[in-house]
Amino acid sequence: MTTDIHRLLDEAFAGVAMTPDAQDLKEEMRANLVARVEELEAAGQSSSDAARQAIAELGDVRELVDGAGTGAGNTVGGAAAAESYAALQLRHRVRPKPGFVVRAVLWSALFVVGMTVALLGATGVLPLPLGAIIGLMGNASTGLALLVGDSLSQETTTNHPMPPNRAGGYFLATLLGALGLGFGAIVALGAMPVWGIVFAALGVIAAIVLFAFLGASQTNRHKAWVRQANLEHAHVGNRFEQEPEVAARFGIYTAVIWLVTFAVIAVLVFTVGWWWGLLALAGGFAVMMLVLARMLFGDRPNP
């Protein structure tokens with residue numbers, strides 16, 4: 001895998017004066033290729049197939065070298081001015097897939113119809129038994145989860161497609177979260193006894209933990225040209241991308257905050273009343289936002 005990548009980069013940069021900018025671009029492209037190959041290998045492809053696909057997705061490497069403007073007069077064939085971000089987006093635009101559009105409409109319809117009928121049953125407008133309401137809510141949650149997972153596995157102009165197993169993780173997290181919120185809504189509307197809040201809490205907590213894990217372990221899926229454009233033009237950095245350990249700590253803090261919050265909610269619901277649980281929910285959300293602000297914009301350690 002690495003042999004193919006290194007050979008391609010050496011061929012692409014042959015004849016290019018290796019200024020500091022050109023060297024940075026070469027290393028950036030190498031890192032992108034390695035990261036993409038790791039994603040494809042995690043999806044089940046062999047090393048050689050993953051390397052070939054990653055290189056094919058990168059496109060014309062020599063064109064990227066010229067278009068990135070690594071220094072006037074430094075590239076073979078003369079100087080090439082850096083393209084605007086809009087021009088790069090237009091050149092690398094990915095056309096929508098008709099099959100995905102059809103599926104997205106079906107998943108959306110499954111969610112809207114299921115949730116609408118379930119709410120009508122929970123509010124008493126339609127005479128539906130509790131089992132039917134829960135079944136409709138499950139259909140709606142599945143539709144929403146399929147929409148999320150299917151969307152994440154699609155290639156976009158700026159991002160590589162998410163590996164199927166990771167997209168499946170987001171599908172599962174969305175499904176659990178939607179089911180938890182659905183049980184909470186049924187309890188709040190009086191269609192289910194208060195003990196049903198246990199299912200709501202379990203679903204939401206499991207979704208938060210899974211979302212936190214997926215977010216903290218997420219790798220950068222940006223395409224090479226997007227990362228290079230961001231490197232050249234962005235003035236505001238993303239601390240979570242620059243310091244992955246900070247993103248991991250935030251994921252752990254988020255899981256702990258919500259575990260404690262839902263434990264407090266359960267205690268309040270079964271002791272002093274349902275509405276006090278909402279106060280604890282608001283408090284947990286406020287603490288999470290404060291932690292997020294502190295970790296994104298707080299003081300950074302001296303290098």
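Student: In which helix is the place of Val264?

Tutor: This is a predicted model, in which local features need pLDDT of at least 70 and side-chain atom pairs count only at pLDDT 80 or more, while totals for chains, interfaces and linings use all residues. Residues are numbered from 1 along each chain as its sequence is written, and side-chain values use heavy atoms, with hydrogens and water left out. Among the helices (DSSP runs of H or I, at least four residues, numbered from the N terminus), the one that holds Val264 is helix H12.

Student: Is Val264 buried, partly exposed or exposed?

Tutor: Buried means under 20% relative accessible area and exposed over 50%, with partly exposed in between (1.4 Å probe, protein chains only). Because the relative accessible area of Val264 is 36%, this residue counts as partly exposed.

Student: How many residues apart in sequence are the parts that Arg103 and Asp150 tie together?

Tutor: The side chains of Arg103 and Asp150 meet in a salt bridge, at 2.6 Å from N to O (a side-chain nitrogen of Lys or Arg within 4 Å of a carboxyl oxygen of Asp or Glu). Since Arg103 lies in helix H6 (residues 98–122) and Asp150 in helix H7 (residues 130–152), the parts that this pair ties together are separated in sequence by 47 residues.

Technical notes. Helices (H or I, at least four residues) and strands (E, at least two) are DSSP runs, numbered from the N terminus.
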